[in-house]
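Morning, everyone. I have one structure to walk through today. Let me put it on the screen.

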Amino acid sequence: MTSEKILRLLQELIQIPSVNPGLCPQEGYNEEKIAIYIVDWLTANDIKARLEYIEGSRPNVVAEVGEDDGPTLCLCAHLDTVSAMGMEIDPFDPRLEAGRVYGRGSCDMKAGIAAIMGAAVDIAEEGNINGKLIVALVCDEEYKSIGAEHFVSKYNADACIITEPTDMKLVAAHKGFLWGKVTTHGKSAHGSRWDLGQSAITKMGPIITALDQFDKSILRNKTHDLLGPASMHVSLIDGGTEISTYAATSEMHFERRTLPSEEYQHTTNEIESVIKDVEEWAHINWVFERKPSVCSLDDFIVQTASSSFQELIGEKPEVVGWDFWTDAAVFQQRDIPSINLGPIGYGLHEPVEWVEFDSMLQIQRVLVDTAKRFLK
Ligand SMILES: [Zn+2]
């Protein structure tokens, strides 16, 4: 596959908005148009590809190369992007300048999609694999990951490479997160009635201070080799109804970033006891959880991808952990060893976003070589 053809592919992918409707319904996009474009492109390049609808008009693209007679390697990228609002560049005009391709989703992660599509065509053309390459281009990673969840419920694989923009580093682990909500109750009264009123907001004060202390003293000491320390922060707060009434209720949301070694039950118990120690009537709800992800450095996919990388780029990739969450955790939870390895880029979720085109081509070559070594 020529680099001109891959550049055109990347630019056409950026031109089709695929903003996640769960994050930004007002923008009126979803993943369907880009998914249809991808199936047409792969089919025109002799790859078996199909849409798999998950809910409403939100599909994954699944494509396969090879047969069920050996190991299976999955290559995965997400179709959706974050909002294009507030961007300082035209989000859907993918200009190429000084080796960079600009646009919303250029690095997160349409370059990753293009690298996988190009690699699939190259692998099919060379045709000497034993086993199967399965391509999972999934919807909704930026919100609830319904695409990746649906994919792993239907398909298995011996390993997975996700091409998030890792700046050519091999990401073997990332943190998870846990969202919680605390509610305190006071006693509503006219603002002059100090003898009757109790402020729910005031009761939140010691809780916030205790959680901050807990973050700085206890969580900083829980660390992981690749990921550094665990952490938490208070992110949203609300309470009261008007300025001259004692606040009857207050609600506060917090987020805890978790390490692979941490168990859900222990993590939640720990926070609950910090809160109950200062305000025993506070009510705690656990709202949402995303597991952390970790792939053993001895795993075959880490070794294989590192060898391919070294052969093509001239040195081993730097192996790192990431603070933020990716679909790797969804695969890893199904015991599919998963890593992230992707191009150099800038501006994930920011007003200017670009990807370095040459690094995308390098990733494509590493994917082809890794697949040939893995599917032997
Ligand atoms: Zn991403």
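Predicted model: local features only at pLDDT ≥ 70, side-chain atom pairs only at ≥ 80, totals over all residues.

Now apply the definition. One caution here.

His78 belongs to strand 3, residues 72–78. Glu164 belongs to the loop between strand 7 (159–162) and strand 8 (170–174). The pair therefore ties together parts that are 86 residues apart in sequence. Are these two residues buried or exposed? His78 is buried, and Glu164 is buried as well.

Stay with Asp108 for a moment. The peptide bond from Asp108 to Met109 is cis, and its omega is near -5°. Met109 lies in helix 3, residues 106–126. As background, most peptide bonds are trans, and most residues other than glycine have a negative phi.

First, Asp140. Its phi is near 70°, a positive value in a residue other than glycine. Asp140 lies in the loop between strand 6 (132–138) and helix 4 (146–154). Its relative accessible area is 2%, so Asp140 is buried. Then Asp167. Phi of Asp167 is near 60°, again positive in a residue other than glycine. Asp167 sits in the loop between strand 7 and strand 8. Glu164 is in that loop too. At 35% relative accessibility, Asp167 is partly exposed.

Let me step back to the whole chain. The secondary structure comes to nine helices and 19 strands. The C-alpha trace spans about 80 × 40 × 40 Å along its principal axes. The chain has 376 residues, and 54% of them are buried. What about contacts over sequence distance? Take those between residues at least 6 apart in sequence: 77% join residues at least 24 apart.

Now the surface and the charges. The protein chain exposes about 16,500 Å², and 48% of that comes from carbon and sulfur atoms. There are 33 positive and 58 negative side chains. How far apart do the centres of the two sets lie? They lie 2 Å apart.

Asp158 is in the loop between helix 4 and strand 7. Its relative accessible area is 41%, so Asp158 counts as partly exposed. Asp158 and Thr72 are 86 residues apart in sequence, yet 5.4 Å apart in space, C-alpha to C-alpha. Leaving out residues up to four places away in sequence, Asp158 touches Pro71, Thr72, Ile336, Pro337 and Phe374.

Gln303 lies in helix 7, residues 300–313. Gln303 is partly exposed, at 37% relative accessible area. Beyond its neighbours within four places in sequence, Gln303 is in contact with Leu297 and Asp298.

Ala210 is in helix 5, residues 200–217. Ala210 has a relative accessible area of 16%, so this residue is buried. Not counting residues up to four places away, Ala210 touches Val274 and Val278. Compare Gly186: Gly186 and Ala210 are 24 residues apart along the chain, and their C-alpha atoms are separated by 19 Å.

Asp277 is in helix 6, residues 264–278. Its relative accessible area is 68%, so Asp277 is exposed. Asp277 and Pro206 are 71 residues apart along the chain, with C-alpha atoms separated by 9.8 Å.

How values were computed: Residues numbered from 1 in each chain as written. Heavy atoms only, no water. Helix = DSSP H or I, 4+ residues; strand = E, 2+ residues; numbered from the N terminus. Buried < 20%, exposed > 50% of the residue type's maximum accessible area, 1.4 Å probe, protein only. Contact = heavy atoms within 4.5 Å. Areas by Shrake-Rupley, 256 points an atom, 1.4 Å probe, with all protein chains shown as cover. Lys, Arg positive; Asp, Glu negative; His and termini not counted. Charge placed at Lys NZ, Arg CZ, Asp CG, Glu CD.
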